[in-house]
Amino acid sequence: MTKQKGFTTTLLHADRLRKPEFGALHQPIHTAVTWGYDDVQGLVDVFQNKAKGFAYSRQGNPTTAALEGKVTFMEKGIATVSFSTGMAAIMATVFALVKQGSHIIASSYLFGNTRSVLQTFTEIGLDISFVDATSADNIKAEYKENTCMVMVETIANPATQIADLEGIGEFCTEKGLIYVVDNTMTSPYIFTPADVKASLVINSLTKYIGGHGNALGGSVTDTGLYDWANYPGIAPIIREQIKPDMQGITQIRKRGLRDGGGTLAPEAAHSISVGAETLALRLERACGNAGVLADYLNGHPLVDKVYYPGLNDHPQHERAKKLFRFNGGLMSFALKEGVDVFAFLNHLQVVIKSSNLGDTRTLAIPVAQTIFFELGPDKRAEMGIPEGMIRLSVGIEDREDLLEDFKQAFEKLS
């Protein structure tokens, strides 16, 4: 039996081993919208899920399929569906699987846009409870007979709360609930949610997996751990055509992607796929930089608080040590009251003022005034977001340059 190659080796050679045209080392970009068949039965078989193949690129093509294979490998799953953005993946998962009259339990620390779309679902009839997911007891307290899904993130953005991933996984398994874990902030190199019994894993491929700020994308991966045969939300036609372990991900592809239309463009899929090859290298550098910056900021007199799982005083520091390979490249910090947040940010020269994260470059943004502005001060307070918070997505720059940039920005405030 051939030994499984390592994480980076497997990603580097995945495309080549698919044997693309002319010996290409990367899966080519297939821009075709549709696919022709010499025998119409072949087309019919693809439509009826009797054969693998491509019929219309809204629900996949060879370029996106190659990327999906890489994500499936990274997440220890059985299949992946890719989308145009991470938000499209989240939207499609709920849209495809959750039925009227069902109840969802979600972390109250979910990223602002995720929480916003779930709030929209409540306005059209879904019952959704938002709870502090750092303790599985809070999830248990909200459980109802019609609860079908629990949705959490690994590390919350921006205040870095870490969900009780193991405890929630045990509870979801006991109750037969779909356990959805957004792995964007950790990525599958730092953590694989399958290890805590997640049913579905969501990634914003735009972030660490793509890693270069040049392509939008998202994905949903089925870990193979959920028993779809007993889930009442599977459509009868899918139940008839698809074996039980593939019913959930097939319904997401058919109803979430095909019907929802959030298709990943082949050009973006290619960029993300190439970016994924260096995921481990980039994260090792970025997480190392983040740890040094967190220590520096934690000791600065103008900083009130630093939010980073690698610090000993982080509420879930021990949980992070147990579950994660590294502590991540995302952190936030709050300046002391009276310190001008905008002035500080404008003094930074290497760090870029930007709304993205997971880039090769270090990015900073004032949280309350931008990405969480629409929630209002009460919701921000509930989520642990002070008005003077700055979020940092730490990149792979030379460490000395990053430290010097922060030092000179603080000095200019004096």
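Predicted model: local features only at pLDDT ≥ 70, side-chain atom pairs only at ≥ 80, totals over all residues.
1. Residues are numbered from 1 along each chain as its sequence is written, and side-chain values use heavy atoms, with hydrogens and water left out.

2. Helix α5 itself covers residues 112-123. (Helices, H or I of at least four residues, and strands, E of at least two, are DSSP runs numbered from the N terminus.) Its 12 residues reach 17 Å from the first C-alpha to the last, close to the 16 Å expected at 1.5 Å a residue; the expected span is 1.5 Å times one less than the number of residues.

3. Which residues of α5 are buried? They are Gly-112, Thr-114, Arg-115, Val-117, Leu-118 and Phe-121, where buried means under 20% relative accessible area, exposed over 50% and partly exposed in between, with a 1.4 Å probe and protein chains only. The cover over these buried residues includes the helices α4 (86-97) and α15 (376-382), along with the strands β2 (103-107), β3 (127-131) and β4 (147-153).

4. Now to the open spaces. The largest pocket holds about 1000 Å³ of space. Of its 33 lining residues, Ala-51, Lys-52, Gly-53, Met-246 and Arg-253 are the closest to the centre. (On a 1 Å grid over the protein atoms alone, a pocket is an open set of points with protein on both sides within 12 Å along at least five of seven lines, a cavity is a set of points where a 1.4 Å probe fits but cannot get out, and lining residues have an atom within 4 Å of a point. Grid points are joined across faces, edges and corners, and a volume is the space filled by probe spheres set on the points.) At least two lining residues come from each of α2 (40-47), α3, β1 (79-83) and α10 (247-258). By class, this lining has 13 nonpolar, 11 polar and nine charged residues; here Ala, Val, Leu, Ile, Met, Phe, Trp, Tyr, Cys and Pro count as nonpolar, Asp, Glu, Lys and Arg as charged, and the others, Gly among them, as polar.

5. The second largest pocket has a volume of about 440 Å³. Among the 26 residues lining this pocket, Met-87, Phe-111, Asn-113, Ser-204 and Lys-207 are closest to its centre. Helices α4 and α5 and strand β6 are the elements that give two or more residues to the lining. The classes here are nine nonpolar, 13 polar and four charged.

6. Ser-204 belongs to strand β6 and counts as buried because its relative accessibility is 10%. Beyond residues up to four places away in sequence, Ser-204 touches Gly-86, Thr-184, Gly-217 and Gly-218; contact means heavy atoms within 4.5 Å.

7. How many cavities of 30 Å³ or more does the structure hold? There are four. The largest contains about 70 Å³ of space and is lined by 13 residues, with Ser-107, Tyr-109, Glu-153, Ala-156 and Gln-161 nearest its centre. That lining divides into eight nonpolar, four polar and one charged.

8. The second largest cavity has a volume of about 50 Å³. Its lining includes Asp-15, His-26, Gln-27 and Lys-70. Helices α3 (62-74) and α11 (266-276) each supply at least two lining residues, and α11 gives the most, with four. By class, the lining has three nonpolar, five polar and two charged residues.

9. Lys-197 sits in the loop between α8 (187-190) and β6 (200-204) and is partly exposed because its relative accessible area is 35%. Its side chain makes a polar contact with the side chain of Glu-170 at 3.2 Å. (A polar contact is a pair of N or O atoms within 3.5 Å; within protein, one must be able to donate a hydrogen and the other to accept it, and residues adjacent in sequence count only if both atoms are side-chain atoms.) The C-alpha atoms of Lys-197 and Glu-170 are separated by 7.2 Å, with the two residues 27 apart along the chain. Leaving aside neighbours within four places in sequence, Lys-197 is also in contact with residues including Gly-169, Thr-173, Tyr-179 and Leu-225.
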